[in-house]
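Colleague: Please give me a close look at the interface in this model, with whatever context it needs. One connected answer is enough.

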Amino acid sequence: MSTPVLKLVAQRIAMGVLLLLAVSVLIFVGTQILPGDVAQSILGQSATPQALENLRRDMGLNDPAYIRYFRWLGGILTGNLGTALSSGQDIATSLKDRLWNTLFLASAAAVVSVPLAIGLGLLAVRYRNGPVDKIISGLGLASTSLPEFFTGYLLIYFVAVQLQWFPSVSTVYAGMPFGERLSAIALPVTVLTLVVLAHMMRMTRAAILNVMQSAYIETAELKGLTPFQIITRHAFPNAIAPIVNVVMLNLAFLIVGVVVVEVIFVYPGMGQYLVDHVAKRDVPVVQACGLVFAAVYISLNIVADIVAIVSNPRLRHPK
Amino acid sequence: MSNELDYLSRRVALGKLSRRDFLGRAAALGVTTVFANSLLSSAALAEGPVKGGTLKAGMQGGASTDSLDPATWQSQVPYKFGRQWGEQLVEIQPDGKLNPKLATEWGSSDDAKVWTFKIRKGVQFHDGKEMTPDDVVATMERHSDANSKSGALGIMGGIESVKKDGDTVVFTLKEANADLPFLMDDYHLMIQPGGGKDKPTAGIGTGPYKVVTDEPGVRHIGTKFPNYWDGDKRGHAEQIEIIVINDATARTAALQSGQVHMINRVEPKIVDLVKRVPGVTIQNVAGKGHYVFIAHCNTAPFDNMDLRMALKYAMNREEMVKTILRGYGSVGNDTPINKAYPLFSDDLEQRKYDPDKAAFHYKKSGHEGSVLLRTSDVAFPGAIDAAQLYQQSAAKAGITIEVKREPGDGYWSQVWNKQPFSESYWGGRPTQDQMFSTAYYSKADWNDTRFFNEKFDKLLLQARGELDEAKRKAMYRDMNVIVRDEGGVIVPMFNDFIDATSKKVGGWVPDGNQEMSGGYALSRCWLIA
């Protein structure tokens, strides 16, 4: 790989790290300006001034904010996220399981939705402006426009209650057989797929159509390639950058934006975990979750950037 | 009983006739629904429990912040799970009487100040150790420790010392308390090995099920404890599971699709719809639970007795029961006590909606501007609607109520027991003394109306030591009048507990002490094969 690509990639990664640091400052400041502090939350309404003072001293809450920030950051870098106030459990341990569940659901949804969206996008381009294209676009739009809870409840009613094909409660646990696990998440995966499908599909279609205007496509046509060969060999590779961008955006949504789906299907993921701890004003957990979400979002975007750079022939083969 | 009815009810117990069909045929034979229902449950019980299988409940009221430490229990799931793996000294029956549990018998000195509990022998903890009076003493000590933050601290406050004496445990009280045995049923007071002092979250008790999986906010599983001392009566299924399903629609769907066998908290709004689902039985029972509007008696503007009275007269109780509870409940009388309690006096005049009186007291209070009521949909099912109904009925008396909808998260820590006027609910307590001590005694942690009334406190303590029931009843009557007329609580309604079971559940006992058959559904019921 050539130096300009490496340089660009390194730049993007450095930007990402800086951005993450900035987000960590924001999260820290945000939780600091909330009324009351951690000591107050722990002791609750029965707090006496003396007890508050003692606890603040023990927890180092009397130190200036920047020292506390660096202590917190140091902890995170060494994998120590602290302990949850509400249950006294180690945050890293409980977060790990939840994050794994969320990633599992998101990957399953991605495995279904990404190929489906891109395939449908390609199909729509192949038969553009015809009935196939119109049906694909129309259905895609309709499924995206319906809110997740609505599609969720519809699926529960018809697929889980009436037909009893899949369970309505998607509780998964460690040691669950893989097949059972897949069956448990079938419905939430369907809902998530329906939500993200149209966006990716339409972007694929638009990006490829854009490329289809180019002169080299005309050349390809003239040399006798079939329409589908033209799309897959010549148009698609040149449209990868925008497609990957929108795919990554949707993957990020699958991870950080699934709270509603998790609640409806009772799925033990990050969203539910975050909501529970916000309800208990458990600041350390909220901070940790915020940071994890930010990290996921930023890294997926970096990946999109890198793919865009690497897939750009002008950057790969500089003159 | 007619032979036909007998036959039919046994068919239901065997699952060969639906409950609805049975009730229909019973009605055709001229039998009331209530009587027919009671026939049914006795028939199901008479068929005898079926052993084995996995009994599953889908329940509202669990979060990933829950713990197995009984001292921390507040919400439904950890507490209902706790009733299956842990046990107290005594257990309150559906009829309000006490049954021996880990204590076999008990008695008091003449002044009700010293209570002696004889501890059951041959009871094993899940870790194989034998339960001893020392464990009982240690448990009581842990919950009485001022630093323990135990939810039972309030009721343990009146106990001076707990000591072992041979195979008995002796409680010496600071003040006389005729109700002490009832306090021992409190769900926080699970007897743990060594009192749970070393490892409060170990989840080891003497109950019919031992904890095998504890994933807070997700699911809790118990398997049958083979050495359970009372195995014939409790713990029929081989395994029990509570799945936390906080979303009401998801809960109902899980019951319908057969993923769970019983659910709690069927919202009154949808009861009539759920009732129509084939195979689902609504289990509703009148209890002591009630919904409240609470004003802090020591905070302006609610420190004004006339304003409180105006707010009470502005409440349309009948309408609340009809609209919010869809008839699954009864009207309240601005005291937390109803006829479900022992020693209740039913001659108290029922307060009625009276816009004129409300307007009169409102004018007399001199209050101007609106009154801010905080609410949230977690306060109780239909709380927002109730606030709006109240707004309407109060408007007719010239009182402007401003309803502020608070987020459900943080409602119990930031609004309830903190803000001067809000909505909330109480699950009820076994005795009047306990209800009053928990929420109306001036020193109670949960004195959520900031009710500081010397006369009331004095009566409360006096009644507690009074062993003469007639005198006690008179005292409780006076106390109810004080709370009704001077307190900061508005009690528009007492709600039924509404649970639902699938047709696979046998042995359900209607128990108004708590939802889910008094909290014991998972160990009382069995799976019909």
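**The interface and its surroundings**

Modeller: Of the 319 residues in chain A, 33% are buried (20 or more other C-beta atoms within 10 Å of a residue's own; 12 or fewer is exposed, anything in between partly exposed; C-beta atoms are placed from the backbone). This is a predicted model, in which local features need pLDDT of at least 70 and side-chain atom pairs count only at pLDDT 80 or more, while totals for chains, interfaces and linings use all residues. Residues are numbered from 1 along each chain as its sequence is written, and chains are lettered from A and ligands numbered from 1 in the order in which they are written.

Chain A has 15 helices and zero strands; these are DSSP runs numbered from the N terminus, H or I of at least four residues for helices and E of at least two for strands. Along the principal axes, its C-alpha atoms fill a box of roughly 85 × 60 × 35 Å. Of the contacts in chain A between residues at least 6 apart in sequence, 72% join residues at least 24 apart, a contact being two C-beta atoms, placed from the backbone, within 7 Å.

Now the interface. Chain A contributes 28 residues to the contact and chain B contributes 26 residues. On the chain A side, helix H7 (148-162), helix H12 (259-264) and helix H13 (270-279) each supply at least two residues. H13(A) gives the most, with seven residues. Sorted by class, the side of chain A that touches chain B has 16 nonpolar, eight polar and four charged residues. Here Ala, Val, Leu, Ile, Met, Phe, Trp, Tyr, Cys and Pro count as nonpolar, Asp, Glu, Lys and Arg as charged, and the others, Gly among them, as polar.

The axes of H7(A) and helix H8 (residues 248-256) of chain B come within 10 Å and cross at roughly 10 degrees. Axes are lines fitted to C-alpha atoms, for helices over the stretch in contact, and angles run from 0 to 180 degrees between N-to-C directions. From H7(A), A:Tyr153, A:Ile156, A:Ala160 and A:Val161 meet B:Thr249, B:Ala253 and B:Gln256 in H8(B). This contact has five nonpolar, two polar and no charged residues.

Chain B also has an open sheet of four strands, in the order S4-S5-S7-S6 with antiparallel pairing; two strands pair if DSSP finds at least two bridges between them. Strand S4 (103-108) and strand S6 (159-165) of chain B each have a single partner strand, so one side of each is left without a neighbour in the sheet. From one strand to the next, the twist averages 20 degrees. Strand S5 (residues 114-119) and strand S7 (residues 168-173) of chain B pair over five bridges, and B:Trp115 has B:Phe171 in S7(B) as its bridge partner. Helix H5 (residues 133-144) of chain B packs on the sheet, touching S5, S6 and S7, and its direction makes about 165 degrees with that of S6(B).

A cis peptide bond joins B:Ala300 and B:Pro301, with omega about 0 degrees. B:Asp334 has a positive phi, near 60 degrees, and with 26 C-beta neighbours inside 10 Å it counts as buried.
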